[in-house]
Amino acid sequence: KYFDIAKLLENVIEVLQHNNPHYQFIVDISSKGLVYGDEMRIEQVLINFITNAIKYSPGQHKIEIKSFIENNKLHVSVKDFGIGISEDQLSKVFDKFYRVDETSVHFQGLGIGLYISSEIINRHNGEIGVRSKSGEGAEFYFIIPVLEND
Ligand code: ATP
Ligand code: MG
């Protein structure tokens, strides 16, 4: 099904901003129009990314959310300035039940959100990834193809 990606992003951000008033969301939604996919599942990925950004950036309350379409692909990224992830753990965060050892002591979670997100994005024939440096925050992104709808 086709859905309005800008509208979905705005709705998710509005709810999470309302529930987390101390966080400053810096939003740049340049992706206009319809995207083909499962709206509820893409919503789940967005919620996973943004709630992680909130959870793993205590005391650092800025989150940047960006989306754009390039070469018929939708790019969405969520960037925080929190604890970050060390290089040796980066590739593992999408594994089922994986949690970074040092942080799991301080933060509640099951280690399932990113695994589910990667399954969802794979089923959309997309790409999911993360850029991060320990102590400097993390930027999670996904890219999915935008199918023609005319
Ligand atoms: P839940 O299943 O409730 O989402 P979780 O947040 O621990 O639990 P994931 O969302 O799958 O699980 O994330 C896996 C791990 O990756 C986290 O435990 C954390 O160590 C690390 N991580 C995820 N997002 C971030 C982030 N924005 N900054 C730093 N570490 C992160
Ligand atoms: Mg999570």
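The legends below describe close-up views of one predicted model. Residues are numbered from 1 along each chain as its sequence is written, and chains are lettered from A and ligands numbered from 1 in the order in which they are written. In this predicted model, local features need pLDDT of at least 70 and side-chain atom pairs count only at pLDDT 80 or more, while totals for chains, interfaces and linings use all residues.

**View 1. Helix α1 against helix α2.**
Helix α1 covers residues 5–19 and helix α2 covers residues 39–55. Helices here are DSSP runs of H or I with at least four residues, strands are runs of E with at least two, and both are numbered from the N terminus. Two packed helices are described by the angle between their axes and the distance between the axes. The axes of α1 and α2 come within 10 Å and cross at roughly 40°. An axis is a line fitted to C-alpha atoms, for helices over the stretch in contact, and angles run from 0 to 180 degrees between N-to-C directions. α1 and α2 are therefore oblique to each other (under 35 degrees is roughly parallel, over 145 roughly antiparallel, 65 to 115 roughly perpendicular, and the rest oblique). On the α1 side the contact is made by L8, L9, V12 and L16, and on the α2 side by E39, I42, E43, L46, I47 and I50. Contact means that the C-beta atoms of two residues, placed from the backbone, lie within 7 Å. The residues of this contact are eight nonpolar, no polar and two charged. Ala, Val, Leu, Ile, Met, Phe, Trp, Tyr, Cys and Pro count as nonpolar, Asp, Glu, Lys and Arg as charged, and the others, Gly among them, as polar.

**View 2. Helix α2 against helix α5.**
The axes of α2 and α5 come within 9 Å and cross at roughly 145°. α2 passes α5 in a left-handed crossing. From α2, residues R41, Q44, V45, N48 and N52 meet G113, L114, I116, S117, I120 and I121 of α5. By class, this contact has five nonpolar, five polar and one charged residues.

**View 3. The residues around ligand 1.**
There are 23 residues around ligand 1, and Y56, V100, G109, G113 and L114 come nearest. A residue belongs here if its C-beta atom, placed from the backbone, lies within 6 Å of the molecule. Helices α2, α4 (101–104) and α5 (113–123) each supply at least two residues of this shell. The shell has 12 nonpolar, nine polar and two charged residues.

**View 4. A6 and L34.**
A6 lies in helix α1, and L34 lies in strand β3 (residues 34–36). Their C-alpha atoms are separated by 8.5 Å, although the two are 28 residues apart along the chain. A6 counts as partly exposed because it has 15 C-beta neighbours inside 10 Å, and L34, with 16, also counts as partly exposed. The cut-offs are 20 or more other C-beta atoms within 10 Å for buried, 12 or fewer for exposed, and partly exposed in between, with C-beta atoms placed from the backbone. Leaving out residues up to four places away in sequence, A6 touches I29, S31 and K32.

**View 5. N71 and N72.**
N71 is in the loop between β4 (62–70) and β5 (73–80), and N72 is found in the loop between β4 and β5. Most residues other than glycine have a negative phi. Phi of N71 is near 50°, a positive value, and phi of N72 is near 60°, also positive. N71 is exposed, with 8 other C-beta atoms within 10 Å, and N72 is exposed, with 9.

Terms used
A crossing is left-handed if the near helix is turned anticlockwise from the far one by less than a right angle, and right-handed if clockwise.
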